[in-house]
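Q: I am new to this structure. How do I read the way its parts pack together?
A: Take a look first, then we go through the features one by one.

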Amino acid sequence: MFRAPPTIPLVDQSSYLPWTYQMRSMLKLGEMWNFTDPTSSVRSSDSDESRVQQAHFILVSAIKDPKAQSILVGLPDNDPRAVWNALERHYLRLTPAAASALKSQFWNRRQRTNETIQEFVDDLE
């Protein structure tokens with residue numbers, strides 16, 4: 001049986017990207033990543049319930065930022081995939097690089113000649 005290390009890496013704005021690599025490795029080692037991976041369609045069965053709960057506990061325990069802890073409100077119980085996705089949305093939307101990339105895309109976007117105004121506006125959203 002997998003046991004989480006005595007110290008779980010903590011996540012905050014400055015450590016999010018390195019934290020994802022550490023956490024992904026830890027969850028893969030414990031055969032829990034398939035229940036967390038946002039791109040996976042694997043669903044847990046009753047026999048997997050303990051690993052799902054452990055993955056959820058590890059992710060929730062890693063959050064040290066009170067603002068990030070507040071994003072857990074309303075998420076389904078024992079759903080590590082929901083926690084992972086919420087953390088990703090929270091931290092990636094706040095990075096200066098992500099904001100800069102979005103601004104660049106916005107300012108460089110031009111309406112194509114065969115594109116209606118509505119299509120152009122819908123694409124901006």
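**Reading helix packing**

Q: At what angle do helix 2 and helix 4 pack, and how far apart are their axes?
A: Axes are lines fitted to C-alpha atoms, for helices over the stretch in contact, and angles run from 0 to 180 degrees between N-to-C directions. Here helix 2 and helix 4 pack at about 25 degrees, with axes 8 Å apart. This is a predicted model: local features need pLDDT of at least 70, side-chain atom pairs count only at pLDDT 80 or more, and totals for chains, interfaces and linings use all residues. Residues are numbered from 1 along each chain as its sequence is written, and side-chain values use heavy atoms, with hydrogens and water left out.

Q: Are helix 2 and helix 4 roughly parallel or roughly antiparallel?
A: Angles under 35 degrees count as roughly parallel, over 145 as roughly antiparallel, 65 to 115 as roughly perpendicular and the rest as oblique. Helix 2 and helix 4 are therefore roughly parallel.

Q: Which residues meet between helix 2 and helix 4?
A: Contact means heavy atoms within 4.5 Å. Val 52, Ala 55, His 56, Leu 59 and Val 60 of helix 2 meet Pro 80, Val 83 and Trp 84 of helix 4.

Q: How do helix 1 and helix 4 pack?
A: Their angle is about 160 degrees, and their axes lie 11 Å apart. Helix 1 and helix 4 are therefore roughly antiparallel. The contact includes Trp 19 and Met 23 of helix 1, and Trp 84 and Leu 87 of helix 4.

Q: Which residues of helix 1 are buried?
A: Buried means under 20% relative accessible area, exposed over 50%, partly exposed in between (1.4 Å probe, protein chains only). In helix 1, Tyr 16, Trp 19, Thr 20, Met 23, Met 26 and Leu 27 are buried. Seen down the axis, the buried residues of helix 1 fall within an arc of 135 degrees, so they line one face. The arc is that of the directions from the helix axis to the C-beta atoms. On the other side of helix 1, Tyr 21 and Leu 29 are exposed.

Q: What covers the buried residues of helix 1?
A: The cover includes helix 2 (49-61) and helix 4 (80-92).

Q: How many residues of helix 5 are buried?
A: Helices (H or I, at least four residues) are DSSP runs, numbered from the N terminus. Helix 5 covers residues 96-108 and has 13 residues. The number buried is zero, so helix 5 lies largely in the open.

Notes
Helix = DSSP H or I, 4+ residues; strand = E, 2+ residues; numbered from the N terminus. Expected span 1.5 Å × (residues − 1).
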